Amino acid sequence: VAIAFGTSTTVSNPLSSNGVTITQSGDDITITSTVKAVAYEISGTTGNGSVKIYSDNKVQLTLNGANITSSNGPAINIQSKKRSFIVLADNTTNTLADGTSYASSAEDMKGTIFSEGQMIFSGNGSLTVKGNYKHAIASDDYIRIRSGKITISGAVKDGIHTNDAFIADGGTLNITATSDGIECEEGYIVINDGNFT
């Protein structure tokens, strides 16, 4: 499933009749998936958009030159307790920024890129995240960094915030945050490899 933001945002959904439903309001994209083994790719630029995913199964989300600024919530909001594999496509530059205030919602939303479940970052591209409302990258489960260059250019609260664990196996992270660079509320932080500033 491909989402290409731009002057005319386009969505390619070959699984529309097989369990993946996509709704679009301007550049706000909402995906609901009930099937396994779905890969999503996001590219292009929007100054007022977002991607929200509901999924019964784990998700692969590739950022392939994606530049998303949301005016009233997270830029990427994964409302699923399953694993999300966030791939930074090789040789790409990606940026995410959220709004300074969020629209009222009963859903948990804690940062510019947020997931109810685990987030695992890989790929050799780069990602810059600005947390204008709260945290920059947040998970209610754990966050794992395998590779990639991640820059948190500023966060009102934590740069990276998790409930259960933070694990780094590699990558380069540059974090600027008002509160903690990395915070794990209830579990542990393990750094096996990587470069951190």
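**Pocket, core and strand pairing**

Strands β4 (27-33) and β6 (49-55) each put at least two residues into the lining of the largest pocket. The model here is a predicted one. Of these contributions, the one from β4 is the top one, at 3 residues. The lining runs to 14 residues in total, and those lying nearest the pocket centre are Ser50, Lys52, Asn72, Asn77 and Met109. Sorted by class, that lining comes out as 7 polar, 4 nonpolar and 3 charged residues. As for volume, the largest pocket holds about 230 Å³ of space.

Now for the core. The largest nonpolar core counts 39 residues, and the members touching the most others are Val51, Phe121 and Ile137. Strand β7 (residues 59-69) provides the largest share of this core, namely 5 residues. Phe121 is worth a look by itself: setting aside neighbours within four places in sequence, Phe121 is in contact with Ile86, Ile113, Leu127, Ile137, Ile143, Ile145 and Ile150, and also with Arg144, Arg146 and Ser147.

Then there is the strand pairing around β16. Strand β13 (residues 126-131) runs parallel to strand β16 (residues 149-155), and the two are paired over 6 bridges. In this pairing, Lys149 of β16 sits opposite Ser126. β16 also pairs with strand β18 (residues 165-175), again in the parallel sense, over 4 bridges. Here Thr151 has Asn174 in β18 as its bridge partner.

Definitions and conventions: Residues are numbered from 1 along each chain as its sequence is written. This is a predicted model: local features need pLDDT of at least 70, side-chain atom pairs count only at pLDDT 80 or more; totals for chains, interfaces and linings use all residues. Side-chain values use heavy atoms; hydrogens and water are left out. Two strands pair if DSSP finds at least two bridges between them. A nonpolar core is a set of buried Ala, Val, Leu, Ile, Met, Phe, Trp, Tyr and Cys residues joined through side-chain atoms within 4.5 Å. Buried means under 20% relative accessible area, exposed over 50%, partly exposed in between (1.4 Å probe, protein chains only). Contact means heavy atoms within 4.5 Å. On a 1 Å grid over the protein atoms alone, a cavity is a set of points where a 1.4 Å probe fits but cannot get out, and a pocket is an open set with protein on both sides within 12 Å along at least five of seven lines; lining residues have an atom within 4 Å of a point. Grid points are joined across faces, edges and corners, and a volume is the space filled by probe spheres set on the points. Ala, Val, Leu, Ile, Met, Phe, Trp, Tyr, Cys and Pro count as nonpolar, Asp, Glu, Lys and Arg as charged, and the others, Gly among them, as polar.
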